[in-house]
Amino acid sequence: MRLDLARRWEGLILVLLVGVVVWASLGVDGFANGSNISFLLLDTTEIALMALTMTLVIIAAEIDLSVASTLGLSCAVLGRLWNAGLPIEAIMPICLLVGAACGAFNGLLVTRLGLPSLAVTIGTFALFRGLAYVMLGDQAVADLPPAYTGLATASFGPVPVATALVAVLAGVAAVVLHATGTGRSIFALGSNVEAAFFAGVRVKRIKLWLFVASGVMASLASLVYTFRYASARADNGVGLELAVVAAVLLGGVSIFGGRGTLPGVLMAVLLLGVVRNALILADVANEVLNFVTGLLLVASVLAPNVGAVWRRRTSPQVEGKSAS
Amino acid sequence: MTTRTPWRPTALLAGLVLLTAACGGTTKSDVAQQSSASATAAASSAAADPNAPVKQGLKIAFLPKQVNNPYFTIADGGGAAAAKEFGGEAKEVGPSEASASSQVSYINTLIQQKQDAIVISANDPNAVVPALTRARAAGIKVVSYDSDTAPAGRHVFVNQAGAEDLGRTEVQLLAEQIGHKGKIAVLSATPNATNQNTWIDFMKDELKKPEYKDMELVKVAYGNDEDQKSFTETQGLLRSYPDLAGIISPTTVGIAAAARYLSDSPYKGKVKLTGLGTPNQLKKFVKDGTIEAFELWNPADLGYLASYAAAALASGQITGAEGEKFKAGKLGEYTIGAKGEVLLGKPTVFNKENVDKFDF
């Protein structure tokens, strides 16, 4: 029943995606050409990268609202160290370490102190962004090496290099989630954490590493972001965490954990990107655009829950898990 | 996932960092050397024809920092009025949030739509440059207005007023009102607003002159261009400095909020307030005695001039080089200055006598 619902939802997203692409190709001037497709894909890079690990985190019944702030902090560190004269090749791994540290901080608070991740990451959302401003203030560091800024916007044919990176990492994440014991453990602890614990799943360890992975992915996204826009600033990526969570939920991942797939999430990222791009090209006003995106999201959160309520009604012996 | 020593990968990464650092790599100074070498190679070769007629049916897109912002609505309205005069069509597109990179996807779609010109007020001077470079490569002319991009991103920058002029005249305005004496404060927008900070630097420089020796800048407060925050910041300023003589607010949101607070407080008329504001917003405070005089450029004229500059570029009358001239309808003739800048003119001072003559 559960699998069934998930498949049905992904089928719906796929149909929507194909439908929007066909509509846009036929009805919107300038949509169906290589350079536009490549811009569109490029525009989804950072969201896609962070959505990969966010999918795992939410399936494990946690959430990480600090990803965009981690991205900003990592950008600020990059800018600060670049100004200090360090080579960019040394700065990049440091940025990834910063991301890992941010993730570990979240993870330790959640696993060692048993605090809810929603509360922890709302706190670190402000903390990391604040730290980013402490690091870089109002500066915009822009004199970055052209070799890297060029790479971030380059593409093979219509496929941007950055999208190739997303594809490779999506492959890794999909294998981890859907084809390994770790993946099964993530689903298990998301559906019923007590049962998973008694079945021998190392709950705390897995959660800690999920937060670390989320932080590393945010800092990887920060590198792409900084080079793509050729500007390292403390306010880079403000608001992106909501876009990431939105894409994950639209992709059919349950906000209560335990359910969802990576292909679904990737399709949702694409769907949101295509809708946005096509509506802007069609000169649809920004307010309408936000409304349409919001509508898609409300529907995505509503539909699975309506399904869940219906399931509970029809089979009363199935207890709802501690959904808070 | 099962490793018992989580520090191992960390140590490995740290080792890698040291290794790459030791082997050298691309640093800030390398890039500076490269760019200074390439800058000399990039000189404009296109020739301008000042007598070329303005092309008909030009498509000009205005891309403000954010849409639904009254200031940009007026400026872009001025741009549309100009387009009507020379037989083109202007439209306004843009993000609803003014963030550094939100404009990039709009630039990309404008390239797809094959616009003739893009008129942009940049949220980040550099983040938009790669996209604008692609637009220029596609034959689109780029004019920046209100807030400039890095020079590589645009052909011409239509500047509302020199930053130096604005910063210094605001100090002069306030000094006259308080008799060159007393504590003053600045109520700015965000701590990282580039134009605001440039103005404040010029204010501080102006204050170093001997005629201001009895004036002291006690604080720069930030209202983040939010009405509520600016209001409470004003309240805070007067609580911390009850003997404050005057406030300069170089932002339209800030000055309106400060005026509202002052007009209902015992400080009304005693603490002087000046800065940048629009006449419609501040008329009633000028009339009730809260504000003596304030200043601004005319945003409609700014958009109007930017629109004509875009048309002149797209018609081949100018290329953006220093010394070229073009006509801008009712505003007359303009000459492009150093670094492709066109200056709209000196700021206008509004007071009881003239404030009713303006409607924006």
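Visitor: What is the bridge partner of Ala117(B) in β4(B)?

Guide: The partner there is Lys141(B). This is a predicted model, in which local features need pLDDT of at least 70 and side-chain atom pairs count only at pLDDT 80 or more, while totals for chains, interfaces and linings use all residues. Residues are numbered from 1 along each chain as its sequence is written, chains are lettered from A and ligands numbered from 1 in the order in which they are written, and side-chain values use heavy atoms, leaving out hydrogens and water.

Visitor: What makes β3(B) and β4(B) a pair of strands?

Guide: Strands are DSSP runs of E with at least two residues, helices are runs of H or I with at least four, and both are numbered from the N terminus. Two strands pair if DSSP finds at least two bridges between them. β3(B) and β4(B) (residues 141-145) run parallel and are joined by four bridges, so they count as paired.

Visitor: What makes β2(B) and β13(B) edge strands?

Guide: The open sheet has six strands in the order β2-β1-β3-β4-β5-β13 of chain B, with parallel pairing. β2 (89-92) and β13 (341-343) each pair on one side only. From one strand to the next, the twist averages 20°. Helix α11(B) (residues 299-314) packs on this sheet, touching β1, β3, β4, β5 (156-159) and β13 of chain B, and its direction makes about 160° with that of β4(B). Contact here means heavy atoms within 4.5 Å; axes are lines fitted to C-alpha atoms, for helices over the stretch in contact, and angles between N-to-C directions run from 0 to 180 degrees.

Visitor: Which way do the residues of β3(B) point, and are they buried or exposed?

Guide: Ala117(B) and Val119(B) point one way, Ile118(B) and Ile120(B) the other, and all are buried. In a regular strand the side chains alternate between the two faces of the sheet. Buried means under 20% relative accessible area, exposed over 50%, and partly exposed in between (1.4 Å probe, protein chains only).

Visitor: How do you know that Arg228(A) and Asp43(A) form a salt bridge?

Guide: A salt bridge needs a side-chain nitrogen of Lys or Arg within 4 Å of a carboxyl oxygen of Asp or Glu. Here the closest N and O atoms are 3.3 Å apart, so the pair qualifies. Arg228(A) lies in α11(A) (residues 203-229) and Asp43(A) in α2(A) (residues 34-43), so the pair ties together parts 185 residues apart in sequence. Arg228(A), at 6%, is buried, whereas Asp43(A), at 26%, is partly exposed.

Visitor: What about Arg168(B) and Asp205(B): how far apart are their closest N and O atoms?

Guide: They are 2.8 Å apart, forming a salt bridge. Arg168(B) sits in α6(B) (residues 163-178) and Asp205(B) in α7(B) (residues 194-207), so parts 37 residues apart in sequence are tied together. At 15% relative accessibility Arg168(B) counts as buried, while Asp205(B), at 32%, is partly exposed. Both belong to a network of salt bridges that also links Glu164(B), Glu206(B), Lys208(B) and Lys209(B).
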